[in-house]
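Colleague: I would like to learn how to read a model like this one, going feature by feature. Could we take the general idea each time and then the case at hand?

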Amino acid sequence: MELEGAIARLVGAGGTWVLWLLAGLSVASLTIVLERLVFFSVHGKRLEATIANAGEQASCPAEAEVLMAAAAQTQRLRCERNLAFLGTLGNNAPFVGLLGTVIGIIGAFRQLDVSGGQLTAGLMAEIGEALATTALGLLVALPAVAAYNGFQRAIQVRLNRGDARGREVIAKLHARAHALSLPEAAS
């Protein structure tokens, strides 16, 4: 009985709260996108250099690989901050919109029952609100998914560039180690 009462109160509140929830989630998504854009514009190029610089601190190629792998992982974590929220929002906002649609349709059936099967303005308002929540759910999800995918791609490109620069560092360390071992072999 308590569950039925809670559901009845939820439906009775209408889908407006779902619209507000989706609007709030959209603002949160936009905030994260803007913050990540600023982060990448300020720190993007440094990511590659940070990975290579970690390798340059090493005394041998094996140490350089370990240091650069650790630096790459640290940079990945910095770059991916809050991106899980965007991915989750992109996957779930349509379902939140669908919840609003279901609530609106249930409200429309109630209006239909109250009106004795007659089409009324209240019925049409319920249906309109139901459709609006579906649309808003999609409008929140699509940019979140696009931003998530774009940022993931940017991170992968930067990490690959950092890896390439790191391989150059390892090659130089190998050459230096080889050059140091040649005089010993000649003696």
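Colleague: What percentage of the 187 residues of the protein chain count as buried?

Modeller: Please keep in mind that this is a predicted model, in which local features need pLDDT of at least 70 and side-chain atom pairs count only at pLDDT 80 or more, while totals for chains, interfaces and linings use all residues. Residues are numbered from 1 along each chain as its sequence is written, and side-chain values use heavy atoms, with hydrogens and water left out. Buried means under 20% relative accessible area, exposed over 50%, and partly exposed in between, with a 1.4 Å probe and protein chains only. By that rule, 31% of the 187 residues of the protein chain are buried.

Colleague: How many helices and strands does the protein chain have?

Modeller: Helices (H or I, at least four residues) and strands (E, at least two) are DSSP runs, numbered from the N terminus. Here the protein chain has five helices and zero strands, and its pattern along the sequence is α-α-α-α-α. The radius of gyration, taken over C-alpha atoms, is set against a globule rule of 2.2 Å times the number of residues to the power 0.38. For the protein chain the radius is 28 Å, well over the 16 Å that the rule gives for 187 residues, so the chain is more spread out than a compact globule. Its C-alpha trace spans about 105 × 35 × 20 Å along the principal axes.

Colleague: At what angle do the axes of helix α1 and helix α4 cross?

Modeller: Two packed helices are described by the angle between their axes and the distance between the axes. Axes are lines fitted to C-alpha atoms, for helices over the stretch in contact, and angles run from 0 to 180 degrees between N-to-C directions. The axes of α1 (residues 2-12) and α4 (residues 83-114) come within 9 Å and cross at roughly 90°. These two helices are therefore roughly perpendicular, a word used for 65 to 115 degrees, whereas under 35 is roughly parallel, over 145 roughly antiparallel and the rest oblique. Contact means heavy atoms within 4.5 Å, and the residues making it include Leu10 and Val11 of α1 and Ile103 and Ile106 of α4.

Colleague: Is Thr133 buried or exposed?

Modeller: Thr133, which lies in helix α5 (residues 121-186), has 0% relative accessibility and therefore counts as buried. Leaving aside neighbours within four places in sequence, Thr133 is in contact with several residues, among them Gly15, Val18 and Gly97.
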